[in-house]
Amino acid sequence: MKFKYFLTIISLILALYSFSNAEEIKLNNNNIFVKKGFSPEWIHDSPVNDKTWVVISSTRKEKSMRIMELPIPGNPKRSFFSFTHHKPEVFTFISSFDLKTQELGKLFLGLYIDQIAENWEIYLNGILIKSEMHLFPDGEIKVFRDQRRVLTYLNPILLKTGKNILAFKIYGDPSMIDTGFYTNKPIIIDDYEKLYKQKTRLIQLILLFVYLVAGLYVLLLYLFRRTELTNLIFALFSIMLFIYLLCRTSAIYSVFYNTKWSFLIEFISLYTLLLSTPV
């Protein structure tokens, strides 16, 4: 009897281990369909034979999916240094992934997006699982949610054997470079815990605070020795480097919910950083 319990425990451990080492799913390895507009009827299946959709081929998997760069009919074009305001529009992205029967029931999957903007929603098999829509009654964006390293839990109850549909509702200025999926990193489905570690990057955060502590320490030295201007320059450089790098992590969204402020601080810190660069 004890031997039977021992085998059961070993089997469970091996099952968990094999799952934790399961191969990640990259949505960009499949065709992704894009269309201007949004309808709840669109998000339940891939529109394979519908010619009204723009197809992002899997051969383009290493490129970004910015709205302004896609051949979507009717998209406005922004000229260089143009300050023309274009009213935000809605776009739908649809992709799919497959799961085997034996994988269901032991899945703790997450969806990882390197960058998405400006307002957006995520649907799994037609069900809304994440919403970042914040609009005024006239359709203008009230709160911007341009986010890096977005991690969303995929509820196992919503998953099914075989083909699963992921849909993204993107809302933003179609002429702005960040609307859509800005970076060329793939959209990944993998073990949630593994993706969480990738999102948080604890070692990176620790190193960031090393820059802050070093900057504050050198600033303190300058306060006692005002003649050593190099200490002030180095202190400003180190503190601004901390602020700039912090703004490029997902931790900044805990401080600024409206991401237009975090991006503004990021650019200010970047230019201040350049001006205070030690020679």
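The model is predicted, with local features requiring pLDDT of at least 70 and side-chain atom pairs counting only at pLDDT 80 or more, while totals for chains, interfaces and linings use all residues. Residues are numbered from 1 along each chain as its sequence is written, and side-chain values use heavy atoms, leaving out hydrogens and water. Helices (H or I, at least four residues) and strands (E, at least two) are DSSP runs numbered from the N terminus.

**Helix α4**
- Helix α4, residues 229-247, has 19 residues and reaches 27 Å from its first C-alpha to its last, close to the expected 27 Å, where the expected span is 1.5 Å times one less than the number of residues.
- Its buried residues (under 20% relative accessible area, with exposed over 50% and partly exposed in between, for a 1.4 Å probe and protein chains only) include Asn 231, Ala 235, Phe 242 and Cys 247.
- The cover over the buried residues of α4 includes β9 (147-154), α3 (202-224) and α5 (259-275).

**Helix α5**
- In α5, the buried residues are Thr 259, Ser 262, Glu 266, Ser 269 and Leu 273.
- Seen down the axis of α5, these buried residues fall within an arc of 80°, taken from the directions from the helix axis to the C-beta atoms, so they line one face of the helix.
- Tyr 271 and Leu 275 are exposed on the other side of α5.

**Open sheet**
- An open sheet of 4 strands has the order β1-β12-β6-β9 with antiparallel pairing, two strands being paired if DSSP finds at least two bridges between them.
- Strands β6 (residues 109-116) and β12 (residues 188-191) run antiparallel and are joined by 4 bridges, and Gly 110 has Asp 190 in β12 as its bridge partner.

Methods:
Contact = heavy atoms within 4.5 Å.
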